Amino acid sequence: MRVNPNMVPDILADLQQSQTAVNTALQEVATGKSVNVPSDNPAAAAAMVQNTIETANVDQYTQNVNSTLSMLQTADSSMGSVVNSLTQAISLGTEGANGTTNATDLQAIATQVQGILESVVAQANTSYQGAYLFGGTKTSSAPYTASSSSSSGYAYNGNNDVNSVAVGDDMNVQVNLPGSQVFSNSNTDVLGSLSTLVSALQSGNPTQIKSATSAITTALNYVTEQRVFYGNAESQLNLQETSLQQETVNLTSQQSSLVDVDEAQAATDLSQAETADNAAEAAAAKVLPNTLLNYLVPPQ
Amino acid sequence: MPDLIAMGGLNTSLSIGMQALEVSEGALNATSNNIANSNTPGYTREIPEISEYPENVISGAVTGGGVTLNGLRSVRDELLNLQIQQQTSAQSSADTESSALQQVQTYFSSTGNDIASAFSTFSSSLAQLSASPSSGAAQAGVMSNGKNLAQAFNAAANGLTTEQSAMNTQVADTVGQINSLTEQIAQLNGQVHQLTAAGQDGGTVEDQRDELVQQLSQLTGISVTQSNDGEVITTGNGTPLVMGDQSYSLQTTTGSDGMQHVLDSNGTDITSTIQGGTLGGSIQTRDQVIPSYLKQLNTLASQFASAFNAAQAKGFDSNGNAGQNFFSVPANPAGAAAGISVSITDPSQLAISSDGSAGSDGNVANLSAALTNTLPSGQTPSQAYANLVFQVGNDVSNSSSQSTAIGQNILQLTNQQNSVSGVSIDEETTNLIRYQTAYEAAARIVSTIQQLGTVTLDMGSAQSY
């Protein structure tokens, strides 16, 4: 059988193939990625769409967890101060109710309790980065302002709503309790009970002082119960932070298995491709000029 | 009459020597032409057809009649040519699709400006908003990331449409090239027919025609058959392009869809039946592949915009008003991806609040859910987009690996064709030596006979003295 005398197309195809391999290997080494365009690996490129979105979300959820934690800690410490204030008010009330305190001292105690009331109101008006923490979702104005029409002397300007922060896909954590629930609940009115104690102390009636003091004890228990909410939310967020860290690790490793190149492998591929390319070129250079003419003695 | 036999013998040898010289010259001619055309595309090597001349019978004695050159014959394999033409059409179609989609897929690559990146920043800015609903920066972030998302959709849709119109231009250009080729082929066909009718080898004219048919097969899928009048070339679907020495030109006209349609010589629209070649590839990409991407992109843009707008409507903006549409999309879904834009003019119009108070983030969860909930298409936005990315990537990868595979095939066929028709310098050099030697030997016969003739004449004159 006659052999194909024209080796050029074969040699060109080989050279093109070996050069394509060099280019691919070079691009992988240079970019550090095995998937630069979707056609490099359609399935990986499609999976990366979800990965890109998830990664950005997880980053933001982690930031949300951190900023929410600081906010919850601020609210929690305000609640702690309120608890201390109420404890102090109870001991003052007990002191005023024992019947041996004279009227002047009762007035002094009443002034002290009034001071406690004001400090509790100040805590209820705590803000974090410009947003009031106990106004429900009305975070732009102070929840409690002095009001002569209110029995406690302070009116609630907030609402009864709560906010939730996204800290995961489908995971929203409630981050606030409205003041109307914590401080001026119609059943257990913290501010109201303090103001009742002030009036009772001013009137000097031991029975009234006693009942007002016991109302504050109830309020203290109530506030302590409510405070648990913040503790729970904090521990929930701490757990979520750990799981977000894990998710970040997972997403990064998924990304790396999808589109990143194994550097050592890529370097080896490159050097192999170069060797193959050199061999193809050397073979072409050797074979192409070979004809019978090289061996014929030119006529004299 | 022994004298006659002797003289007849010398004359016969002389004429045989002359014939041998002529045949060697003819053979050398073929060799030199082969070497000269060794790199000519489409050239088919020629071999001298040499045969014995009828023998002489003189007075019952049989002597060799010498040699004769019947002509030069091109060595070709028509079947291989046909196979190469078919594969060329298929490869050229895959190449056209592949190179167009290479352009398209850059819009779906992870560049930072692509739709996936825009979705991810939009989504994370909404998550940020849920932590700080009253922060102006967080609100502005959502609005500007929403704009980026809309622009990413616009860019992808525009990229697709640009490629589509590039394909459309190519359709018109290719039809022009096809017409000019079929005209030339018809002309050569006529010449081949005349030559073969006269019992001659088509030779170089046939080579030229085959080369043009080969070029034509790059432009569109064709079917070639032989008839009494020469080759008949039709499109794969049977629309005549060349019949004998007559060519039938295709026409283009702008259809109701604004695209170039291909008509046969009778004015019938054959656009959808054209397959193979640059023309088939461009039509396929323009009418099937890109529209399918555009459709998915438009569905995603319009359904996502509606879902997000519905989420906006559930809440109240920072001014206490009911949420208005965040995205605006053209009423016609076909232009959704190209026309999607952010319709709110101020970040305060984001419907963050669920109760109308400025500090509430109650509606942010609804807004975020629009990105993760299933759309009417049955997929979440990211799934729908991921599917599209997969499809684009898969199409590019398929068309280019198809082209590579066919390329291997063509290489094999070309090798086979070359092994039949290609010029081998070694072979021609060997032939050159053979014909040179034969020529030298024939020349020696002529000069020897001439000397013998002189001797014979001298002998005669010596006798007369």
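Which residues have the most contacts inside the largest nonpolar core? They are Val113(A), Leu194(A) and Phe153(B), in a core of 148 residues, where a nonpolar core is a set of buried Ala, Val, Leu, Ile, Met, Phe, Trp, Tyr and Cys residues joined through C-beta atoms within 7 Å. The largest share of this core, 20 residues, is supplied by helix α2 (residues 42-97) of chain A. This is a predicted model, in which local features need pLDDT of at least 70 and side-chain atom pairs count only at pLDDT 80 or more, while totals for chains, interfaces and linings use all residues. Residues are numbered from 1 along each chain as its sequence is written, and chains are lettered from A and ligands numbered from 1 in the order in which they are written.

Around Val113(A), once residues up to four places away in sequence are set aside, the residues touched are Ala89(A), Leu92(A), Leu194(A), Leu197(A), Val198(A) and Leu201(A); two residues are in contact if their C-beta atoms, placed from the backbone, lie within 7 Å. A second, separate core of six residues includes Ile84(B), Ala94(B), Ile406(B) and Ile410(B).

Chain A holds seven helices and six strands, and from the N terminus on its elements follow the order α-α-α-β-β-β-β-β-β-α-α-α-α; helices (H or I, at least four residues) and strands (E, at least two) are DSSP runs, numbered from the N terminus. Its radius of gyration is 39 Å, well over the 19 Å that the globule rule gives for 300 residues, so chain A is more spread out than a compact globule. That radius is taken over C-alpha atoms, and the rule is 2.2 Å times the number of residues to the power 0.38. Along the principal axes the C-alpha trace of chain A spans about 145 × 30 × 30 Å. Of its 300 residues, 36% count as buried, that is, with 20 or more other C-beta atoms within 10 Å of their own, whereas 12 or fewer make a residue exposed and values in between partly exposed, with C-beta atoms placed from the backbone.

Two loop residues of chain A have positive phi without being glycine. Gln129(A), with phi near 50°, sits in the loop between β1 (127-128) and β2 (131-132), and is exposed, with 12 other C-beta atoms within 10 Å. Asp170(A), with phi of about 60°, is placed in the loop between β5 (164-168) and β6 (171-174), and counts as exposed with 9 C-beta neighbours inside 10 Å.

The contact between the chains takes 56 residues from chain B and 46 residues from chain A. On the side of chain B that touches chain A, the largest share, 18 residues, comes from α9(B), and by class this side has 19 nonpolar, 33 polar and four charged residues. In this classification Ala, Val, Leu, Ile, Met, Phe, Trp, Tyr, Cys and Pro are nonpolar, Asp, Glu, Lys and Arg are charged, and the others, Gly among them, are polar.

Chain B itself is divided into domain 1 (2-75 + 424-464) and domain 2 (82-411), with bounds from an automatic or database domain assignment. The C-alpha centres of these domains lie 67 Å apart, and their contact takes nine residues from domain 1 and eight residues from domain 2. Strand β4 (residues 67-74) of chain B gives four residues, the largest share of the domain 1 side.
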